[in-house]
Amino acid sequence: VSHNPDWNIPNWVAYSLTKEEVGGDIPRAKKFNPDPDVDGVAVVTSDYTHSGYDRGHMAPAADMKWSEQAMYESFYMTNICPQNQSLNRGDWNDLEELARDWAVKFGEVHIVCGPIVAEQYSTIGQQTQVAVPEAFFKVFLRQKGEEWTAIGFVMPNEAVNRPMMTYMLSVDEVEAMSGIDFFYNLPNSIEDVVEKDYLISDWTL
């Protein structure tokens with residue numbers, strides 16, 4: 001997690017998800033907790049109370065069933081953003097389920113997700129001021145034989161119900177919208193190619 005102390009939400013959350021991890025059986029945690037690593041006043045769950053927004057996981061709890069510690073830490077408020085209820089329980093949830101399907105099918109996927117916050121943004125919060133994102137991104141990278149392939153998605157933070165293909169973007173396009181440089185540890189010769197465009201055939205829907 002890269003925590004943004006001005007927004008009080010993450011800049012991004014990155015992790016890898018494997019086929020074996022998807023098959024874990026740790027039960028879902030029941031309580032959101034302030035992150036003990038945050039300096040100063042940390043966001044608490046009551047900052048979302050009566051806000052009209054869900055406590056939206058970036059790295060979803062269902063991806064953390066392989067470890068009791070990972071499950072517990074996925075409920076730290078640094079992994080949470082104010083998310084439209086319909087989005088959180090609808091199209092965003094569908095994308096999370098698709099990610100688990102890909103992990104099973106391809107063996108492992110690398111995931112980076114997070115908020116896109118407008119220059120002028122609204123906030124919620126009782127104890128702290130929590131920025132409300134205008135959209136959310138999720139980018140995926142996986143190996144395809146000896147090569148790599150990547151794809152991105154951006155969803156507005158509102159009640160939407162659209163085909164998944166309508167949210168698809170290249171990683172370069174998501175970088176332009178989020179201001180984040182993804183997958184920079186790849187050699188430039190690989191990064192430039194996989195981030196420039198995507199092949200729908202590489203990502204079964």
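Analyst: N11 is found in strand β2. In this predicted model, N11 touches S2, H3, N4, G114, P115, F137 and I180, leaving aside residues up to four places away in sequence. The C-alpha atoms of N11 and N79 are separated by 9.7 Å, and the two residues are 68 places apart along the chain.

Strand β2 belongs to an open sheet of 6 strands, in the order β1-β2-β5-β8-β9-β10, with antiparallel pairing. β1 (2–4) and β10 stand at the edges with a single partner strand each, so one side of each has no neighbour in the sheet. Within the sheet, strand β2 (residues 9–18) is joined to strand β5 (residues 108–116) by 6 bridges, and the two run antiparallel. A14 has V112 as its bridge partner in β5.

Helix α4 (residues 91–106) packs on this sheet, where it touches β2, β5, β8 and β9. The direction of α4 makes about 10° with that of β8. α5 packs on the sheet as well, touching β5, β8, β9 and β10, and its direction makes about 45° with that of β9.

Not counting residues up to four places away in sequence, R100 touches L17, V22, P60, A62 and D63.

Further along the sheet, β8 and β9 run antiparallel and are joined by 10 bridges. V139 has G152 as its bridge partner in β9. The hairpin of β8 and β9 has 2 residues between the strands, and in this hairpin G145 takes a positive phi near 70°. β9 is mostly covered, with 8 of its 10 residues buried. β9 is also joined to β10, by 2 bridges, and these strands run antiparallel. The bridge partner of F153 in β10 is M168.

That leaves α5 and its own neighbours. The axes of helix α5 (residues 171–178) and helix α6 (residues 188–196) come within 6 Å and cross at roughly 85°. An angle from 65 to 115 degrees counts as roughly perpendicular, so α5 is roughly perpendicular to α6. V171, D172 and E175 of α5 make the contact with E191, E195 and K196 of α6. By type, the residues of this contact divide into 1 nonpolar, no polar and 5 charged.

Which residues of α5 are buried? They are V171, V174 and E175. These residues cover an arc of only 105° around the axis, which means that they lie on the same side of α5. The general rule is that an α-helix has 3.6 residues a turn, so residues three or four places apart point the same way. The cover over the buried residues of α5 includes β8 (135–144), β9 (147–156), β10 (168–169) and α6. Just after α5, G179 takes a positive phi of about 75°.

To put the picture together, the sheet has both α4 and α5 packed on it. Strands β8, β9 and β10 of that sheet, along with α6, are among the elements that cover the buried residues of α5.

Key. Residues are numbered from 1 along each chain as its sequence is written. This is a predicted model: local features need pLDDT of at least 70, side-chain atom pairs count only at pLDDT 80 or more; totals for chains, interfaces and linings use all residues. Side-chain values use heavy atoms; hydrogens and water are left out. Axes are lines fitted to C-alpha atoms, for helices over the stretch in contact, and angles run from 0 to 180 degrees between N-to-C directions. Helices (H or I, at least four residues) and strands (E, at least two) are DSSP runs, numbered from the N terminus. Angles under 35 degrees count as roughly parallel, over 145 as roughly antiparallel, 65 to 115 as roughly perpendicular and the rest as oblique. Contact means heavy atoms within 4.5 Å. Ala, Val, Leu, Ile, Met, Phe, Trp, Tyr, Cys and Pro count as nonpolar, Asp, Glu, Lys and Arg as charged, and the others, Gly among them, as polar. Buried means under 20% relative accessible area, exposed over 50%, partly exposed in between (1.4 Å probe, protein chains only). The arc is that of the directions from the helix axis to the C-beta atoms. Two strands pair if DSSP finds at least two bridges between them.
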